[in-house]
Structures are given as C-alpha cells and as structure tokens.
2 protein chains.
Amino acid sequence: MSERSLITALKGLFGDDRGRDGRLLRGIGDDAAVVRAGAYAVTSVDAMVDGVHFRTGQHGTTLADIGHRALAGALSDLAAMGARPGEVYVALGAPPGFTVDDGLQVMGGMRDLCEQVGDVVVAGGDVTRAPALLLCVTVVGWADDQDALLTRDRARPGDRIGVTGPLGAAAAGLALLEDRVDADACGLPEAVADALRLAHRRPRPRVEAGRALASAEIRAGIDLSDGLATDAAHLARASGVRLHIDPGALPVAGGVAEVAAALEVPAHELAATGGEDYELCVCVAPGRVREAERAGVAAWIGRVGPADPEAGVTFTGARSHLTGFEHRLGD
Amino acid sequence: MSERSLITALKGLFGDDRGRDGRLLRGIGDDAAVVRAGAYAVTSVDAMVDGVHFRTGQHGTTLADIGHRALAGALSDLAAMGARPGEVYVALGAPPGFTVDDGLQVMGGMRDLCEQVGDVVVAGGDVTRAPALLLCVTVVGWADDQDALLTRDRARPGDRIGVTGPLGAAAAGLALLEDRVDADACGLPEAVADALRLAHRRPRPRVEAGRALASAEIRAGIDLSDGLATDAAHLARASGVRLHIDPGALPVAGGVAEVAAALEVPAHELAATGGEDYELCVCVAPGRVREAERAGVAAWIGRVGPADPEAGVTFTGARSHLTGFEHRLGD
C-alpha cells in the first residue's frame with residue numbers, strides 16, 4: 001500500500017463533508033485543515049496500538065470495530081467535558097501487508113460512528129508506515145461558555161454521585177469474545193450475549209448526555225474508560241475529596257451477573273473495575289438531582305465526603321460479598 | 001515505565017504554561033484541554049515512527065532531536081498556511097525499556113522548539129505502550145481571517161515562484177550523519193559540516209516567514225518537507241497549473257555542493273529532492289514581488305505557466321547537467 005493511495009481513498013470517503021454550516025473550510029488535501037472556530041476549543045488525543053489496546057483478527061474483532069473503538073474513546077473524553085464534538089483528525093500507522101481496503105474499513109468504522117453521533121467531521125490526519133497498526137485520534141469539540149463544562153475538579157462535599165447507565169457490559173462482552181466464558185454454559189440468551197459483545201466491540205460515547213448534563217449546570221464529571229474504580233479516583237483526587245460509593249447501588253448491565261458468576265467474581269466488582277463502558281460519572285449538588293436525572297443520570301451510587309487531603313474512593317456497604325475488593329481498588 | 005509516572009513528569013514540564021493571555025484554560029490533567037479559541041482553527045497532524053522517520057541511537061541522533069523533529073514537521077504545516085501557532089498535543093508511544101527520563105528528553109526537545117518559536121504551548125496528549133517509539137503530534141494554530149492564509153490551490157498563471165531560504169542542507173546533513181560522506185575527505189570545514197548536520201537534527205519551521213507572507217497577501221504556498229520537486233508538484237496539482245522551475249536558480253545551502261559532489265549527484269538535484277528543509281515555496285503575482293521579498297522570500301526560482309490539466313512541475317534550463325533528473329521527478 002502506498003501512503004498516497006490510501007490518502008486519495010480517504011479523500012473519497014470524507015472529502016465532501018463540510019459539517020454544520022460548512023464550518024470545515026479546508027479538509028483533507030492542504031497542509032492543514034481550516035475550521036471556523038467556536039468560542040472555546042476542547043481537545044483530546046487518544047492513541048490505540050495493536051497488541052496493546054486491541055488485537056487485530058482475534059475474537060471476531062473487525063477493522064471497523066477497531067476504528068470505531070479508537071474514535072469512541074476520544075469522543076468519550078469530549079462527552080466527559082460536555083463539549084459539542086466537531087472535528088476528528090486521525091494518524092493511521094499501517095503495518096506491513098496493510099491494504100488500502102484495510103484502511104477504508106478502519107476509517108469506515110469511524111465514519112459510521114461520526115454519523116451516529118451526528119455532525120462530527122473527519123477533517124484531516126496522517127498516514128505512515130508502522131511496525132503495528134496504530135491509530136492516534138485527535139478530537140476537537142467546541143463550547144460557547146468555558147464555565148458550562150464538566151471537569152474533574154469540581155466535586156463538592158455533599159454531592160451525590162451518579163452514573164449515566166449500566167456498567168460492566170464491555171468487560172463481560174470481552175470475556176465472551178475471548179472465550180473465557182461460554183454463553184451457553186452460563187445460561188445466557190444469545191441476544192443478551194450478543195448485546196454484551198457489541199458493548200465491547202462498538203461502545204457508544206455518551207456525547208448527548210454529557211452536553212445535557214453540562215447544560216443542566218452539572219459541573220463535575222468524568223467518563224468511565226478505565227472502569228469506575230479507577231476513574232472515580234481520578235475525579236476524587238482532582239477535587240480533593242473522598243468519594244463513598246455503595247457497590248450494591250451500581251447499576252449492572254443485563255447478563256453481567258451471569259458472566260461474573262462464570263468468572264467467579266462478584267457482579268458489582270466486574271461493574272466497578274471493567275473498563276470501556278464509557279458511561280459518565282458525575283457529582284451533583286443535592287438541589288440539582290432532578291435536573292441531573294432529566295439530563296441522563298440513570299442511577300445514584302454514592303455521596304461525596306468532606307474535603308480530604310488523602311483523596312480517593314471508598315467502597316462501602318455489602319462488604320461481606322467483596323472480600324479484598326477495596327484493597328485491590330486502592331491506588 | 002508506568003504511563004502515569006511519565007504523565008506526572010510531563011505535567012511538571014508543561015503544567016504551568018498557560019500561553020499568551022492565559023488562553024490555555026485547562027491543560028494536562030482533565031479529560032480534554034480547554035483553550036480560548038481564535039476565529040479560525042488551523043490544524044495539522046504528523047506521525048513519526050522509529051525505523052520509518054528516524055532511528056533512535058543512530059548517527060548521534062538524540063531523543064531531544066527526535067522530539068524536535070516531530071514537532072518541527074507539524075509546525076511547518078502551520079507555517080505553510082501562515083497561521084499563528086497555538087497548542088501542541090502529543091501522543092507518545094513508548095517501546096519496551098523506555099524510561100521516564102527518555103520521555104522527558106523527547107518532550108524537552110519539543111519544549112525547546114516551543115520556546116524558540118514563541119508562545120506555543122504543549123496542552124495535552126496521551127502516553128501508551130507501543131512496539132516502537134512513536135510520536136503523533138497535533139498542532140493547532142489560529143487565524144483571524146480565513147482568506148489571509150496561504151493555501152496550495154491559489155497559484156495563478158504568471159506568478160513567480162519563490163523560496164524562503166537555501167535548500168539541500170538537511171539532505172546533506174543526513175548524508176554526513178549517516179557517514180555516507182566524509183566531511184574531511186570532501187574538504188568541508190568542520191563548522192560548515194556541523195551546520196549541515198544541525199539542519200537535519202534540528203530543522204527550523206519557518207513560522208514567522210509564513211505569517212509575514214500571509215500578512216503580505218501572498219496566497220499560494222507549501223512547505224518543503226518532502227523536497228521541492230515533490231512538494232511543488234502538490235502545489236501545482238492543487239492549483240491546476242504547471243510550475244516551471246530553473247534548477248540553476250535554486251539557492252543551495254553552503255557545503256551542499258561539496259556533499260553532492262561526494263555523492264556524485266549535481267548540487268541542484270540534492271537541493272531539489274532532499275526533504276526536511278522546511279523552507280516555504282510560494283507563488284507570487286508579479287506586482288507583489290517586493291512585498292514577498294520583505295516577508296521572507298530569499299530567491300526566485302521559476303514561474304507559473306498557463307492553466308494545465310496535466311498539472312505538475314517542469315525543471316527547465318541547465319538540462320545537460322541533469323540527465324534523467326526531470327524524469328525521476330515526474331509523478
């Protein structure tokens with residue numbers, strides 16, 4: 001594959017999309033892309049590498065899945081900020097034997113997610129040879145008001161902790177995809193097993209919920225890319241507080257209990273530690289609970305304790321079912 | 001090396017810089033960076049991979065050189081547009097054995113270039129494991145007026161073709177670094193040889209010249225990253241014209257003639273085909289020649305011919321010295 005032939009093919013795939021109000025003034029083909037800007041740019045970069053973040057050709061993972069997942073991870077960062085997603089820039093490292101059609105499949109997975117999210121434009125990027133397939137995705141979102149964003153550092157004592165949807169599906173799906181768990185043997189209906197696999201293969205960044213929460217004046221949030229236990233600790237440290245989370249209150253996705261049982265871990269543990277669910281976790285002042293629910297909070301899972309120099313997360317309640325759980329979650 | 005330990009170290013290196021007027025509102029540490037935007041965002045992505053674009057540890061190339069070169073390539077794209085550079089986002093793929101100190105050296109090379117260019121801020125990025133050192137650099141620049149940018153598609157018949165500085169230094173420097181040419185044997189003073197090596201190790205993106213040219217209402221330009229022959233052809237195709245370039249008029253950097261002689265190629269060929277000089281090539285209406293010279297054009301090297309469906313570059317003059325040269329430059 002020549003780099004130029006893939007770039008030409010990608011121009012065909014993306015070259016006509018100019019975005020809302022034609023804001024993309026120059027896309028693929030000049031030295032740089034030119035975009036009519038909003039008031040504030042919100043930018044995140046996510047790199048995914050074959051053998052580290054995914055394995056090509058294993059467990060039914062397609063190249064389109066890989067493209068989807070790389071973009072989903074980056075868009076989820078914009079969701080976590082409550083920004084309006086705008087442009088996507090992709091550096092694609094092509095390993096030996098990689099074809100133009102392979103490149104179109106990867107980027108087709110990204111294009112489909114752009115269409116699902118709505119008004120997200122692939123505006124540019126780079127193609128290079130590489131020892132392994134790598135995707136470096138830069139997403140730029142826009143905001144009209146810098147204060148109307150979700151950030152990690154604004155959780156306040158007394159806030160309630162909410163999440164936007166059920167947890168554990170992507171981790172359970174990965175266990176099924178990797179054949180660590182047999183769906184039939186643990187009595188999982190095929191449709192439920194497929195939904196879990198899809199949750200891993202095609203995670204959905206919660207862009208709309210993020211924007212709705214920011215509009216509802218919710219100010220503290222993070223996306224659950226590494227799992228609630230890890231990500232909530234980031235939020236706790238940035239805000240200088242301790243989060244008290246009740247494992248029994250975690251919303252567990254359908255089928256996760258069966259997969260967790262087969263893996264011999266408590267369902268709540270799989271829900272708390274499994275990554276790539278991409279739900280949002282927010283901290284909400286008691287007076288704004290109703291607004292947060294309307295904006296997308298699906299479950300309340302705990303409460304923010306007093307300011308604490310040793311910021312972090314404490315999992316409380318249902319201790320007897322979670323031997324060693326709290327310890328393993330410590331960082 | 002843990003990814004988090006490098007991120008913490010990078011926060012120390014870059015965490016305090018908020019840019020001109022504090023425009024970087026949130027940098028490393030949240031889900032995404034937040035920047036007060038200009039009217040138009042100009043964005044480019046450049047990926048560099050060990051073994052493809054550079055080789056770690058060979059020919060005296062340091063990790064700081066590699067960081068510098070990766071950023072220089074991306075900033076040169078902004079120079080080519082005449083944009084004001086703003087923020088840099090870096091995805092760093094760390095190979096086995098890579099240490100936090102290695103990461104700081106790479107990023108230190110970038111920081112030094114940021115300082116040279118002035119008011120460029122490293123605002124975020126990603127760190128991941130990878131099979132080889134990889135750097136994916138996204139640069140965002142800003143412009144107040146979308147028409148006051150240099151683009152590839154606005155060369156017009158009758159324009160004069162100019163370049164902002166001497167060519168061939170980086171290619172000659174690489175030949176010296178790779179010991180394909182011996183500086184002493186070809187009678188090169190050590191200071192000249194060092195300057196050539198430095199031209200390869202620490203190329204200087206022509207950001208100021210790009211902005212000055214755009215301000216001087218020059219409208220067609222490209223940066224010379226792949227070499228004049230290749231890059232001028234991009235410009236020709238985007239504008240639908242044929243460029244006529246006189247090889248005898250190319251400004252050749254000091255010492256390039258000696259290295260070219262040792263390599264047994266004409267000096268003008270090394271100047272026309274050697275990449276990574278990062279000078280700018282612009283096309284200028286005859287009435288604006290004086291303004292272009294004031295803005296940074298150092299030499300006039302040819303003229304734009306009539307509109308031509310078979311757009312491209314013709315090297316004219318001095319033919320006898322360049323047997324086969326024109327053919328090899330055809331795409």
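B:Leu243 finds its bridge partner in strand 11 of chain B, and that partner is B:Val304. The pairing belongs to a set of four bridges that join strand 9 (residues 241-245) of chain B to strand 11 of chain B, with the two strands running antiparallel. Please keep in mind as you read that this is a predicted model.

Strand 11 of chain B has a further pairing to show. Strand 7 (residues 160-163) of chain B and strand 11 (residues 299-307) of chain B also pair in the antiparallel sense, over four bridges.

Now turn to chain A. Strand 7 of chain A is joined to strand 11 (residues 299-307) of chain A by four bridges, and the two run antiparallel. Within that pairing, A:Gly162 has A:Trp300 of strand 11 as its bridge partner. Strand 7 (residues 160-163) of chain A is also joined by four bridges to strand 10 (residues 280-284) of chain A, again antiparallel. In strand 10 of chain A, A:Cys283 is the bridge partner of A:Ile161.

Strand pairing crosses between the chains as well. Strand 2 (residues 33-36) of chain A and strand 3 of chain B run antiparallel and are joined by four bridges. A:Val34 has B:Val42 as its bridge partner in strand 3 of chain B.

The table gathers the bridge partners named so far.

| Residue | Bridge partner | Strand of the partner |
|---|---|---|
| B:Leu243 | B:Val304 | strand 11 of chain B |
| A:Gly162 | A:Trp300 | strand 11 of chain A |
| A:Ile161 | A:Cys283 | strand 10 of chain A |
| A:Val34 | B:Val42 | strand 3 of chain B |

Let us look at the interface as a whole. Chain B brings 55 residues to the contact and chain A brings 54 residues. Between them the two chains bury about 4100 Å², and 57% of that is on carbon and sulfur atoms. Three residues, B:Asp31, B:Thr43 and B:Val45, supply 15% of the area that chain B buries against chain A, more than any other three residues.

Polar and charged groups take part too. There are 19 residue pairs in polar contact between chain B and chain A, counting pairs with both residues at pLDDT 80 or more. Strand 3 (residues 40-49) of chain B gives the most to the side of chain B that touches chain A, with nine residues. By class, that side of chain B has 27 nonpolar, 13 polar and 15 charged residues.

Finally, how are the two copies related? Chain B superposes on chain A by a rotation of 180 degrees with 0.0 Å of shift along its axis, at an RMSD of 0.0 Å. This is the relation of a two-fold axis. Both copies use the same surface: 98% of the contact residues of chain B recur in chain A.

Definitions and conventions
Residues are numbered from 1 along each chain as its sequence is written. Chains are lettered from A and ligands numbered from 1 in the order in which they are written. This is a predicted model: local features need pLDDT of at least 70, side-chain atom pairs count only at pLDDT 80 or more; totals for chains, interfaces and linings use all residues. Side-chain values use heavy atoms; hydrogens and water are left out. Contact means heavy atoms within 4.5 Å. Buried area is the accessible area (1.4 Å probe) that two parts lose on being put together, summed over both. A polar contact is a pair of N or O atoms within 3.5 Å; within protein, one must be able to donate a hydrogen and the other to accept it, and residues adjacent in sequence count only if both atoms are side-chain atoms. Ala, Val, Leu, Ile, Met, Phe, Trp, Tyr, Cys and Pro count as nonpolar, Asp, Glu, Lys and Arg as charged, and the others, Gly among them, as polar. Two strands pair if DSSP finds at least two bridges between them. Copies are superposed by least squares on the C-alpha atoms of residues with pLDDT of at least 70 in both.
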